[in-house]
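Open the model in a viewer and keep the selection tool at hand. The stops below go from one selection to the next.

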Amino acid sequence: MLISCIACAVPSSPQSLAQIHFRLQTREVVEGRLKSFSTKNSEREALIRKWFAESGCKRANLSEQALDHKLPSNVICVLPGETQQVIVVGAHTDHVDSVGDGVVDNWTGAVLLPALLYSLSAQPRHHTLVFVGFSGEEEGLVGSQYYVDHFTNAQRAHIEGMVNFDSLGLGPTEVWASHADKVLLDALASVAAASKLPVGTMNVDNLGTADSESFARYQIRRITLHSVTQKTWPILHSPSDKIAAVKMNDYYDSYKLIAEYLAYLDDALKPAAATKAEKAAH
Ligand SMILES: [Zn+2]
């Protein structure tokens, strides 16, 4: 087990000088889980649920949300924080049937959900972190749309941000910047600079979509991290989407970056309403 700390790179307020604490699941565990993929979507969902439990998700906080369609459920682990303010951490568990193994898209993302729960759960958190494995992404964002639709307006107002990851490990971490909230994007840049972990900008507006867009429809701040470039894009939804396509060093770097990013956001992310008021005051 590793415990990492950083002093934040951009001391925009005294609060952001605070030390960020998180721990990392070993590379052996993360890689081992990545390699034990199933090609059946229902088994993939069950594996993530099992690893949530093994990573310390209490039974009362672990649930499944059945969808209307003949799809596996969304799988949800809540890590209660000191407040009701929520950060949603999401990745889809399903893959396109009968084309490749869907390891890159998106077993790489799904496997990080329990690993990140482990990373963030060693100490009390300010925000309540909700880790969601979405079903039916490849059917048209079905699971994430269902998830966000089934809140009341008051419940949705507690969601401060949504961090999504899809198709990691083809290379260094990339961010879909043109569809990311500026506050979340700036925070990512700070963490990348402090941790010296790479992040590039690769917009996929004309190539595809992601579960983060289900949240954008409700004006919830969101960001999607991936690893796709113009060159590697054809791997997705093709017979080449196999474990051999994953660059393990890059993949583990993405995990480290996202763990540190979430720990930072928990400390630094203020309610969207407060951010707006601050802007108006300047
Ligand atoms: Zn995907």
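Select helix 4, residues 142-149: seven of its eight residues are buried, so the helix is largely enclosed by the rest of the structure. Buried here means under 20% relative accessible area, with exposed over 50% and partly exposed in between (1.4 Å probe, protein chains only). Helices (H or I, at least four residues) and strands (E, at least two) are DSSP runs, numbered from the N terminus. The buried residues of helix 4 are Val-142, Gly-143, Ser-144, Gln-145, Tyr-146, Tyr-147 and Val-148. Now show what covers them: the cover includes strand 3 (62-65), strand 4 (74-79), strand 5 (86-92) and strand 6 (128-134), together with helix 5 (153-156) and helix 7 (212-216).

Before going on, note that this is a predicted model, in which local features need pLDDT of at least 70, side-chain atom pairs count only at pLDDT 80 or more, and totals for chains, interfaces and linings use all residues. Residues are numbered from 1 along each chain as its sequence is written, and side-chain values use heavy atoms, with hydrogens and water left out.

Colour the chain by pLDDT, the predictor's confidence in each residue, from 0 to 100. The mean for the chain is 91, and 90% of the residues reach 70 or more. Over residues 1-17 the value is below 50, and this stretch has 35 contacts in the model beyond near neighbours in sequence; a contact means heavy atoms within 4.5 Å. Where pLDDT is low, the predicted coordinates should not be read in detail.

Asp-105 lies in helix 3 (residues 103-120) and Asp-166 in the loop between strand 7 (159-165) and strand 8 (173-175), so the pair ties together parts that are 61 residues apart in sequence. Asp-105 is buried at 5% relative accessibility, and Asp-166 is buried at 9%.

Move to strand 7, where seven of seven residues are buried. Strand 7 runs parallel to strand 5, joined by five bridges, and pairs with strand 10 (residues 222-226), also parallel, over four bridges. Strands pair if DSSP finds at least two bridges between them. Select Val-163 of strand 7: Val-89 stands opposite, and Ile-223 is its bridge partner in strand 10.

Now select Cys-57 and Cys-77, joined by a disulfide with S to S 2.2 Å; the rule is a pair of cysteine sulfur atoms within 2.5 Å. Cys-57 sits in the loop between helix 2 (41-54) and strand 3, Cys-77 in strand 4, 20 residues apart. The link is right-handed, with 110 degrees about the S-S bond.

Finish at Phe-52 in helix 2, buried at 0% relative accessibility. Its contacts, not counting residues up to four places away in sequence, include both Cys-57 and Cys-77.
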